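Subject: Structure for your review

Dear colleague,

Please find the structure below, handed over for your use. My notes on its disulfides and pockets follow.

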Amino acid sequence: MAATSSYWTAEVADGAVMAVMSPPRHYQLASLQQTTTKGEEGNGLTHHRNYNFFINESNITRLCHEKTILTVNGQFPGPTIYARRGDVVLVNVYNQGHTNITLHWHGVNQPRSPWWDGPEYITQCPIQPGNNFTYRIIFSEEEGTLWWHAHTAMDRATVHGAIIVRPRHGTAYPFTKPHREIPIILGEWWNDDVRKVMADALSTGSDFQPSDANTINGQPGDLLPCSSDNTFRVPVKHGETYMLRIINAALTNGFFFAIAGHRLTVVSSDASYTKPFTTDHIFIESGQTMTVLLKARRRGHSNAWYYMAARPLATNPAAVLDNSTATAVLEYIHSPPADHADFPTLPSINDSSAAAAYTARLRSLASKEHPADVPRSVDEHMLVTVAVNEISCAPNEAPCKGPHGNRFASSLNNISFEAPQRDILGAYYRSAIGGVAKTDFPDNPPLSFNFTADSLPPELALTARGTRVKFLAYGTVVEVVFQGTTILGGDSHPMHLHGFSFYVVGRGLGNFDRHHDPAKYNLVDPPYQNTVSVAKNGWAAIRFRAANPGVWFMHCHFERHMVWGMETVFIVKNGKRRGAKVMPPPPNMPKC
């Protein structure tokens, strides 16, 4: 199926400016058939919205190269989901493609409802070609910018889209309502088929082939070949305020993002309001979202066009990276034509200190309407090392193309997670967890050493595979300290937890010191996120209350790190109350 158009622009829809690529008419109608009804959810009334998502293949041209990609409703990026806090959204997914698929609603807690969370073989078996499944998305506390994406193989490279959760009716933003809102999705483009990219890496044990371009709303922009005509453009009117809902959907990169001649006011991160601050650029890790306000008030030259640009952050010099800069254009309407556009000043590609300085400015709003409920006491402490490793080749595979003739791998506490062939949630619900996983994921690394030393013995790079998960009692307050290592050079890691948002109470460089570092924690207004950036050779401490029963995935959001095994699972047991137990599964769960 060929998309009828690949021209990107901005259109007003449901009170928002959104980026769209014109899909075939039958898909367009399907994606926009929403109904709003009222139904019971818990003890209160809530609105129900319905979306139809058709998974199919579309022919798309980027960088002078046409290829077939997996899409939703013929759109790349996919459709935007609109909701309000407290809504329940039903997404009917019809798999008309040629491969298994699941979808994940990134940053949605799904209270008591892990059946609709989406990670393949963790909470469900995939939706097989020719089959369908309805996801039930419960927006309980979320308000702001989220996103959805495929959670199978590398499919999220093209199967992803924005989620916009507005305040409940009768409530307001904690700032003046902007004139328009615009999803800005940062991503990547491979000329090769992404499933082949993954298959080649896994078959040889090598690193993944880097992408051929970074993108803004699916387009590389003016700096890349065959891309100028379709560069994403945002029309603005002088004096108006615009809400940019920025999503990092990239598989391998964190990004710096800026707009020439304009400053950005950050008001939210991962669908949680922050104390507003103004900045020349933002840094956003893979999986994260940032909501910023843009005042269309030109500084300096009164140009009609201004570039917005996204540049990746490279933290491991040994890793091969797509270092291209993606661009889009901010275009003032009713202005004389321009013969050039100003370009923003961005930090250099290896400026980790700029990323850290930006991240340190994030603070929860902590207002009466949006309080910060930070747990002060902790029931379970965990120190979890995050590392890229190597694993020995099987005798019939050697030599592999990873380091030292081995395979690339990755781990948490030196356990490289091995996904089962049937879903962990179903096994747990049937009291058969022992058939798919061991329940002894450790609270500490197996060996204590100088994790961030300049030089480490090569044997520390070796890891082993295992499917090991951790049980948590309902209501337990958990503190997880993610500790980076210099194994194979070290790297940054965006760690994402399904089923919860958490408070990032502390972070630092070097080794975490359990005797001194907790005294420097922010327990007043730490950022409330679902994806935390663990700096290269640093640490980050998070706290959450395990009051959401179910099976919840935790993993690095760099795709190759997750595929290599940087992941585990928390199983939160049922509480005693009726409202503290996992809901029964829907009758039409996909079969393995």
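The link of Cys125 and Cys592 is left-handed, with -80° about the S-S bond. Please note that the model is predicted. Cys125 counts as buried because its relative accessibility is 4%, under the 20% limit, whereas Cys592 is exposed at 52%.

The structure holds three disulfides. Another of them joins Cys64 to Cys226, with 1.8 Å from S to S. This link is right-handed, with 90° about the S-S bond. Cys64 is partly exposed at 47% relative accessibility, and Cys226 is exposed at 55%. A disulfide also joins Cys393 to Cys400, and both of these cysteines are buried.

As to open space, the largest pocket holds about 890 Å³. It is lined by 34 residues, and those closest to its centre are Asn109, Ser140, Glu141, Tyr503 and Tyr528. β33 gives the most to this lining, with three residues. By class, the lining of the largest pocket has 15 nonpolar, nine polar and 10 charged residues.

The second largest pocket has a volume of about 670 Å³. Among its 28 lining residues, Met198, Leu202, Ala419, Met562 and Val563 are the closest to the centre. The lining of the second largest pocket comprises 15 nonpolar, six polar and seven charged residues.

Yours sincerely

How values were computed. Residues are numbered from 1 along each chain as its sequence is written. This is a predicted model: local features need pLDDT of at least 70, side-chain atom pairs count only at pLDDT 80 or more; totals for chains, interfaces and linings use all residues. Side-chain values use heavy atoms; hydrogens and water are left out. On a 1 Å grid over the protein atoms alone, a cavity is a set of points where a 1.4 Å probe fits but cannot get out, and a pocket is an open set with protein on both sides within 12 Å along at least five of seven lines; lining residues have an atom within 4 Å of a point. Grid points are joined across faces, edges and corners, and a volume is the space filled by probe spheres set on the points. Helices (H or I, at least four residues) and strands (E, at least two) are DSSP runs, numbered from the N terminus. Ala, Val, Leu, Ile, Met, Phe, Trp, Tyr, Cys and Pro count as nonpolar, Asp, Glu, Lys and Arg as charged, and the others, Gly among them, as polar. A disulfide is a pair of cysteine sulfur atoms within 2.5 Å. Buried means under 20% relative accessible area, exposed over 50%, partly exposed in between (1.4 Å probe, protein chains only).
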